[in-house]
Amino acid sequence: MLILSKIIPTKFFSTLQLVPFLPTLKFSSHALTNRQKFLTKEAVNTLLKSCSSNPYQLKQIHALLLTSGLSIKNSLLTHLLTCFIVLGDMLYVRQLFDEMHKPRTFLWNTLIRGYVQNDQPKEAAFIYKRMNLLGVRPDSFTFPFVIKACAELPEFKAAGPAAHAQVVKYGIEFVAVVRTELMIMYVKLGELGLADFLFKTMVERDLVAWNAFIAACAQNGYGMNALALFREMGSTGTRPDAVSLVSALSVCGQLGCSDTGEEIYRIAREEGIECNIIVENARLDMHMKCGNIDFATELFEKIPCGNVISWSTMISGYAINGESEKALSLFSRMQSEGLRTNYVTYLGVLSACSHAGLVSQGWRYFNLMSRSDDESIKPRKEHYACMVDLLGRSGRLEEAYNFIRSMPIEPDSGVWGALLGACVIHQNLELGQLAAHCLYELAPDVASYQVLMSNMYASAGRWDFVKKVRQRMRKKGVRKLAAYSSVEHNGELHFFYGGDRSHPQSEIIYEKLDCLIKQMKSMGYSSKTNSVFHDVDLEEKESIISTHSEKLAIVFALINVGPDRPIRVIKNLRICDDCHTFSKFVSQISLREIIMRDKIRFHHFRNGVCSCKDFW
DNA sequence: TTAGGGTTAG
């Protein structure tokens, strides 16, 4: 009793004393001998649950169970391991596992699951390999996790297909859970055809399989495929649930098609699931990502029980729309109402500061986080990256660099990438090269960093270095993302690439574009060719820049979208200097509002002025 | 005795 009272909170003592005499599990430890009680499985589970967030107590319970001299039931052992997995203490899980004599398959499965759930896919794959070497036969419970691990190992491209081969070897490729994981894995690898084949040939194609496929597409840049699947699902008579709707809404946010998004929300109403907070949050986010700030605000105020995600969504939404004041005042409201915040909330707050160049405010929030007693909101790598972005974008490059050097945690590619981005804007070749050097080590395959480097050298006129970077990209097979812009019109998305003439209205678009540029030139516009990073003459630079995708998209919208509606353009990369000026002129000439979302933020153009105040 | 799908940021 003495020992127990030390490790078990007193309030659970009564639970222990009240349990019925069901001999599911017997404690014969010294602590209980004088009472000779038998405990039920439920009681032990209650006990474990009560301590499940305290590794110290859990470890003591485990020690007590061992000294009791009794064999521990499998259910209890799994529960115990699961507690440590949830706590992220994989070292202890591994220690327990290694102490076991000939662990059975389900324990191997638990260990693999632990590594996967704690973002250690390499370890998971390693354990699977060892399992094979020792001749332990994997089962249908092993593979969902092994496949998931393989999908997280893009550096071993063959791992996923190899796992698939094993699945076939063991004859479990038609087990729904296993097949679903395979589908998700192939989508991540970009093999949509294979994923589709697995889906179409599934024996039990249930709602979860549909949702898994839709979500996998939605989360891996195949938004159009996700929407097509969502529609196909409806036409085959499978009714969507909250999960399907959330994925579909998220796609509409990514693609910037809020008309389609509202259509999807109407389905939620028809199905009677519109009061689900996750669906409501997805709708808020969708509107924020489409630039519908006022409507999203109205919806937000009407949500009866918003959670931390609703608030964070709004804060980040205001931030990307350039409404930093609204973002910061909403955060103050959260604080004054005593609402819980989390690390994502702070990312929104810092990004609001960054988009508006509010350096001293940014420092204030960052220090607030650092001083917090709550461990969960101590600054993480992402917050450091935000601060580097804020300082760097404001031209304080040295301060940003010193900030990185003072970091208590190892800076990652996000942090160095933020510095590199700032160096490109402020043309600091020296620091930029330093950042580039680190990025070659940390993220050699990320195209956007290589493009930044190449652009930095190009604007400094160092074409020899530009050539080097491009050669390295070719050698590594790193491909630059082609720039495109899109416009939603009558529920359909129209895509435009630079210099693209494939759109059926191309002729009239180019004609109108020509007229506009002439008119703008008479008003003082001259093209800014500083963002053409090719070693070509001025005339060619002007020609490249005059048919950038966003210009084509804007003109398309001018021709087609009714004058009572704003022009909405989504761009997959950042807007260039010239297109920014162009958009300001167009908003002035045509008296139309142009809402353009680039890769990281919105630009709302009205009467020749942009909401970003030319700071982006 | 362990298994598949969803929202905020980056």
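Arg597 stands opposite Phe602 in β7. Strand β6 (residues 594-597) and strand β7 (residues 602-606) run antiparallel and are joined by four bridges. Strands here are DSSP runs of E with at least two residues, helices are runs of H or I with at least four, and both are numbered from the N terminus. This is a predicted model, in which local features need pLDDT of at least 70 and side-chain atom pairs count only at pLDDT 80 or more, while totals for chains, interfaces and linings use all residues. Residues are numbered from 1 along each chain as its sequence is written, and side-chain values use heavy atoms, with hydrogens and water left out.

**The sheet**

- Strands β6 and β7 belong to an open sheet of six strands, ordered β4-β3-β5-β6-β7-β8, with mixed pairing.
- Two strands count as paired if DSSP finds at least two bridges between them.
- At the edges are β4 (492-497) and β8 (609-610), each of which pairs on one side only.

**Salt bridges**

- The structure holds 22 salt bridges, a salt bridge being a side-chain nitrogen of Lys or Arg within 4 Å of a carboxyl oxygen of Asp or Glu.
- One of them links the side chains of Glu152 and Lys188 at 2.9 Å, N to O.
- Glu152 sits in the loop between α10 (143-151) and α11 (159-169) and Lys188 in helix α12 (residues 176-188), so this pair ties together parts that are 36 residues apart in sequence.
- Glu152 is partly exposed at 42% relative accessibility, and Lys188 is partly exposed at 34%; buried means under 20% relative accessible area, exposed over 50%, and partly exposed in between (1.4 Å probe, protein chains only).
- Another salt bridge brings together Glu337 and Arg333, at 3.4 Å from N to O.
- Arg396 pairs with Glu399, their closest N and O atoms being 3.4 Å apart.
- Elsewhere, Arg94, Asp98, Glu123 and Arg130 are joined into one network by salt bridges that share partners.

**A positive surface patch**

- Lys468, Arg472, Lys475 and Lys476 gather in a patch of positive charge on the surface.
- Patches take residues with over 30% relative accessible area and no salt bridge, joining like charges within 9 Å and nonpolar side chains (Val, Leu, Ile, Met, Phe, Trp, Tyr) within 5 Å.
- Lys and Arg count as positive and Asp and Glu as negative, with His and the chain ends not counted.
- Lys475 lies in helix α29 (residues 463-476) and counts as exposed because its relative accessibility is 79%.

Terms used
Chains are lettered from A and ligands numbered from 1 in the order in which they are written. Accessible areas come from the Shrake-Rupley method with a 1.4 Å probe; for residues, only the protein chains shown count as cover. The place of a charge is taken as NZ of Lys, CZ of Arg, CG of Asp or CD of Glu.
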